[in-house]
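Subject: The structure we talked about

Hi there,

Here is the structure I promised to pass on to you. Please open it beside this email and look up the residues as you read.

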Amino acid sequence: MRSLLLVPFLCASVGLPCAADVTIAGYSLTRVANPVPSSATCSLPDGDVVTFDGQFIRRWNADGSLEDQLGFLAGFVFPSFVRLTPAGDAVIIGDSGSFGPTPAGDLHHVALDGSGVTFLGSIPYNFDGKFLPGGDLLVSAAPLNFGSGTDLFRVTLAPYSATVVGHVDGPSGPLAVARNGDVFYGFQQDPTLPNAPQDVVRWSAALLQSGTYLDASNAVVYVTFAEPTSVLEFEPVRERLVAVENRYLGDHRIRRVRPNGQVSPVLVEADEWIGGMRFAFGPSEATFDAYQPGDGIQLVYTTTDFFSFDDRVTVAPARPALAISGVGTLGQGPVRFDLSGGLPNGTALLTYCPQTALFPVEQTYPLPQFFLHTPFLLQATTRMQFLIPTDAAGAATFTLWNPGGLEGSYGWQFHVGRPNGVQIGSSNAATF
């Protein structure tokens with residue numbers, strides 16, 4: 001399977017149709033050909049991206065242009081992961097070796113200023129790595145062979161050391177580390193058994209710090225899926241766990257993980273295999289929530305059929321849009337407020353604020369249910385005393401009569417919400 005990753009053909013170049021992934025209401029999908037097929041990637045806080053294609057480590061600007069080649073390895077290896085160090089001045093790249101009869105796989109330190117690549121040590125067949133709060137790197141790997149189970153290594157970078165701190169059965173799976181140091185791991189059960197339970201487990205930070213050897217006996221089952229998990233990541237800011245489910249000849253999904261038997265909602269349904277998933281950072285403070293502005297935190301993944309295409313998909317919040325029209329925008333007459341992209345069969349609340357109390361740029365206010373992005377001074381904002389229903393497409397229309405004199409006076413903005421009126425997002429603001 002890994003060898004197929006070496007020679008993907010982009011669907012655009014061979015005239016084949018691309019798959020059609022779908023997301024839920026309140027988000028949008030953007031799909032392009034993956035500029036570095038089959039690579040491991042890492043998002044940087046400034047919006048840049050680091051890629052490792054198995055030999056070359058490159059840094060890319062947020063607009064997709066190449067910024068720098070940070071280094072290269074002597075020969076091709078299969079890329080496993082790229083992780084930004086806690087200091088933010090380097091990335092650690094992992095690989096699972098190349099073709100050959102002996103186990104192989106290394107860790108390298110790559111400086112972001114382009115000053116070089118440093119070999120750290122060998123952990124054969126490493127799969128994933130995540131940093132612990134104290135600065136050590138936790139790595140999942142099958143150092144003997146793919147049938148020997150998975151070891152968990154605690155790696156200290158300076159000076160380098162790697163200590164086995166746990167072992168679980170099955171092929172190597174994904175890791176996630178919470179801010180408090182809790183460790184999450186996705187078990188990989190026998191893929192030949194249909195509907196075999198696939199557990200995501202948790203070890204507490206206290207257990208790891210105590211020196212207790214981590215295994216299935218002291219792991220707590222956090223959630224169980226029908227498909228194996230190939231990626232686990234925590235959302236920035238909100239710290240919600242997100243999982244990729246993949247099964248060959250099966251389903252491919254991205255879920256927000258809810259523990260203790262709760263249903264984990266599907267965020268993305270894909271036609272083909274979902275590869276490395278990461279969160280990317282935009283210029284705004286918008287969180288990765290439905291109906292937020294799309295230029296904040298985004299989710300990025302790759303998808304491929306291992307033959308005809310390798311694409312990069314960006315999932316971004318889709319902010320509702322307000323448009324104002326009508327002769328009343330110029331003087332006496334009706335003014336029409338059109339909302340699109342709201343919650344289907346939900347509600348909308350119109351707010352307004354004097355133009356003398358508008359900021360030149362949007363402000364961010366953390367409300368109980370969502371982050372409100374608005375140029376309005378909250379103390380000067382008025383909310384209509386009634387809700388407007390949205391239709392099945394999330395659209396709503398409201399008409400106001402301008403008796404003359406309203407033009408040039410106010411800014412307007414819709415808040416969108418559930419049928420019970422609980423608000424969960426907002427539109428752009430507009431003036432007339």
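Below is what was found in it, taken topic by topic.

Please keep in mind that this is a predicted model, where local features need pLDDT of at least 70 and side-chain atom pairs count only at pLDDT 80 or more, while totals for chains, interfaces and linings use all residues. Residues are numbered from 1 along each chain as its sequence is written, and side-chain values use heavy atoms, with hydrogens and water left out.

Let's start with Asp 128. You will find Asp 128 in strand S11, which covers residues 126-131 (strands are DSSP runs of E, at least two residues, numbered from the N terminus). Asp 128 counts as buried because its relative accessibility is 6%; buried means under 20% relative accessible area, exposed over 50%, and partly exposed in between, with a 1.4 Å probe and protein chains only. Which side chain does Asp 128 join through a polar contact? The partner is Arg 83, at 2.8 Å. A polar contact is a pair of N or O atoms within 3.5 Å; within protein, one must be able to donate a hydrogen and the other to accept it, and residues adjacent in sequence count only if both atoms are side-chain atoms. Leaving aside neighbours within four places in sequence, Asp 128 is also in contact (heavy atoms within 4.5 Å) with other residues, among them Phe 81, Leu 138 and Pro 174.

Next, the aromatic rings. Rings of Phe, Tyr and Trp (its six-membered ring) pair if their centres lie within 6.5 Å; planes under 30 degrees apart count as stacked, over 60 as edge-to-face and the rest as tilted. The count by this rule is 17 aromatic pairs. In one of them, Phe 184 and Tyr 222 have ring centres 4.9 Å apart and planes at 80°, so this pair is edge-to-face. Phe 184 sits in strand S16 and Tyr 222 in strand S18, so the pair ties together parts 38 residues apart in sequence. Phe 184 is buried at 5% relative accessibility, whereas Tyr 222 is partly exposed at 22%.

The rings of Phe 337 and Trp 412 have centres 5.0 Å apart and planes at 55°, so that pair is tilted.

Finally, the cysteines. How many disulfides (pairs of cysteine sulfur atoms within 2.5 Å) does a search of the whole structure find? It finds zero. Cys 42 is buried at 8% relative accessibility, and Cys 353 is buried at 0%.

Happy exploring!

Key:
Helix = DSSP H or I, 4+ residues; strand = E, 2+ residues; numbered from the N terminus. Disulfide = S-S within 2.5 Å.
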